[in-house]
Amino acid sequence: MNKFLELALAGVQQLVPYVPGKPVEELQRELGLSEVVKLASNENPLGTGGKVTAAIQATLPELTRYPDGSGFALKTALSQKLAVALEQITLGNGSSEILELVMRTFVTPEHEVVFSQHAFALYPILTQAVGAKARVVPAKDFGHDLPAMAAAITDKTRVVFIANPNNPTGTLLSQAEVEGFVAGLPAHVLCVLDEAYYEFVDPAVRTESLAWPLRYPNLVVTRTFSKAYGLAGLRIGYGISSVDVADLLNRVRQPFNSNMLALAAAEAALGDTEYLAETLAVNNAGMTQLTEAFERLGLEWIPSSGNFVSVDVKQNALPIYEALLQKGVIVRPVANYEMPSHLRVSIGTERENQIFITVLNEVLRGV
């Protein structure tokens, strides 16, 4: 028993910590494996881009200094690329920190927070941490049921989370659906549109949401450099909102919350169009490689607009996950998302994908 439990906030007392994907090094230590394929955390399989590496190397001599607390250079690059004002931007230690800043700024134990079943696990954690009430709306075809979410809003609702594409299901809402939902929100409700996987969406069906905060000042759009830009280890993301909301978030934000290497790397990554194009090409090819294999194996999957796909193994997925681990392949069980027969598989390189396909086939056949 934790002797400090009674001193903690009520919401924190009942929290279960977020469990990340199993690290490669840990599995190698446990099983003595020389090679491990990790397809569990939706990371970019290409490794660090050359422009990012150069920017980091150029920054290393300055590490005795604090970073620019305003992130001016990165904000300027984002402003120019995304056509938003500097004053609309909030930088975070990953986009997950922007989600936390919204909660700390606007939500109290007297409020409610609305999000979908099967949505990102951080939403209920943040809600419980501040002591608010979670209103979880049943999913529709593994995705957000926006009319039902709108019906769940009350006078006590302060924040609504929408993940688009959604993690872990990869489902995508159309621009018309999302904008219609945001336009209909009461003024006292903030919508956080979590677009961590935005870059992977087919450009023909992307939701072009960054201009919306000028029309809907209660909207916050969050994006990250962790996925398509390959900077998961540096933890850098951002939010785009109305100037008024950004002003409040930046009051709560810790000084120097974005470290110097992350700021330099993100600015370089933003301009590395070749790396991003290669990332998307590898992801598209890998998605086809995996889904064609699932079809050959007689497995169903949820069509995904992210850099991952959730596959239904038609049985309790945990033993399958554990058998894959024993053979050096790490994927993600998603029973905690109320999807006990599914595994979420990140898109890797062609070779990594093929190793997973081969091992999954062996496990399903009991080899």
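User: What covers the buried residues of α13?
Analyst: The cover includes α2 (24–31), β11 (329–330), β12 (332–333), β13 (342–346) and α14 (350–364). Cover here goes by contact, meaning heavy atoms within 4.5 Å. Keep in mind that this is a predicted model: local features need pLDDT of at least 70, side-chain atom pairs count only at pLDDT 80 or more, and totals for chains, interfaces and linings use all residues. Residues are numbered from 1 along each chain as its sequence is written, and side-chain values use heavy atoms, with hydrogens and water left out.

User: Which residues in α13 are buried?
Analyst: A317, I320, Y321, L324 and L325 are, in a helix that spans residues 317–326. Buried means under 20% relative accessible area, exposed over 50%, and partly exposed in between (1.4 Å probe, protein chains only).

User: Where do they sit around the helix?
Analyst: They line one face of α13, because they fall within an arc of 145° seen down its axis. That arc is taken from the directions from the helix axis to the C-beta atoms.

User: Why would residues three or four places apart point the same way?
Analyst: An α-helix has 3.6 residues a turn, so residues at that spacing point the same way.

User: OK, zooming out. How many helices and strands are in the chain?
Analyst: The chain has 14 helices and 13 strands. Those are DSSP runs, numbered from the N terminus: helices are H or I with at least four residues, strands are E with at least two.

User: And how much of the chain is buried?
Analyst: Buried residues account for 53% of the 367 residues.

User: What size of box do the C-alpha atoms fill?
Analyst: Roughly 60 × 55 × 50 Å, taken along the principal axes.

User: How far is Q14 from A129 in space?
Analyst: The two are 8.8 Å apart, C-alpha to C-alpha, although 115 residues separate them in sequence.

User: What about P20, buried or exposed?
Analyst: P20 is exposed, at a relative accessible area of 54%. P20 is also found in the loop between α1 and α2.

User: How far apart are P20 and R65?
Analyst: Their C-alpha atoms are separated by 31 Å, and the two residues are 45 apart along the chain.
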